[in-house]
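Welcome to this short tour. Open your viewer, get ready to select residues by number, and follow along stop by stop.

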Amino acid sequence: EADISKEIITLMPHSKEEGGHQRVIEEEKPATICSLLKRKSTREHLLVYWFYSFLIIGLDETFPLFCLSKVSGLGVQEKDIGDIFSGTGFFYITIQYFLLTGLVR
């Protein structure tokens, strides 16, 4: 809670009252990559995003290989794998449309 309020205070370039006294906050400087990476929340979000992207890309690359394998996989033809990906893509688009329009309202 205190860390969040400190971050908010540092982002706001105006004065703030504390205990009846007015404290002037310095004007904010332009953000740089180094200044963004100093923030712990930014690093945590980037780490979670990296991990999620790694899993999704890994799944997208290994699933067709698993489907093609006749020995330890499903033994599915290339056309059927394309149909599976097309079907899931249509499903994701449909779900995202209804979820996002529900969230916006």
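Start by selecting Asp-83 and Lys-79, which both lie in helix H4, 4 residues apart, or about one turn of the helix. Helices here are DSSP runs of H or I with at least four residues, strands are runs of E with at least two, and both are numbered from the N terminus. Show the side chains: those of Asp-83 and Lys-79 meet in a salt bridge, 2.9 Å from N to O. A salt bridge is a side-chain nitrogen of Lys or Arg within 4 Å of a carboxyl oxygen of Asp or Glu.

Before moving on, two notes on what you are viewing. This is a predicted model, with residues numbered from 1 along each chain as its sequence is written. Local features need pLDDT of at least 70, side-chain atom pairs count only at pLDDT 80 or more, totals for chains, interfaces and linings use all residues, and side-chain values use heavy atoms, leaving out hydrogens and water.

Now colour by pLDDT, the predictor's confidence in each residue from 0 to 100. The chain has a mean of 83, and 74% of its residues reach 70 or more. Among the elements, H3 has the highest mean pLDDT (95), while strand S1 (residues 16-18) has the lowest (54).

How many salt bridges does the structure hold? There are 2. For the other stop of this kind, select Glu-44 and Lys-40, whose side chains meet in a salt bridge at 3.8 Å, N to O. Both residues lie in helix H3, 4 residues apart. Lys-40 counts as exposed because its relative accessibility is 53%, whereas Glu-44 is partly exposed at 41%. Here buried means under 20% relative accessible area, exposed over 50%, and partly exposed in between, with a 1.4 Å probe and protein chains only.

Next, select Leu-47, Trp-50, Phe-51, Phe-54 and Leu-55 and show their surface. Together they form a nonpolar patch with about 590 Å² of accessible area. Such a patch joins nonpolar side chains (Val, Leu, Ile, Met, Phe, Trp, Tyr) within 5 Å, or like charges within 9 Å, using residues with over 30% relative accessible area and no salt bridge. Areas come from the Shrake-Rupley method with a 1.4 Å probe, and for residues only the protein chains shown count as cover. Leu-55 is found in helix H3 (residues 40-68).
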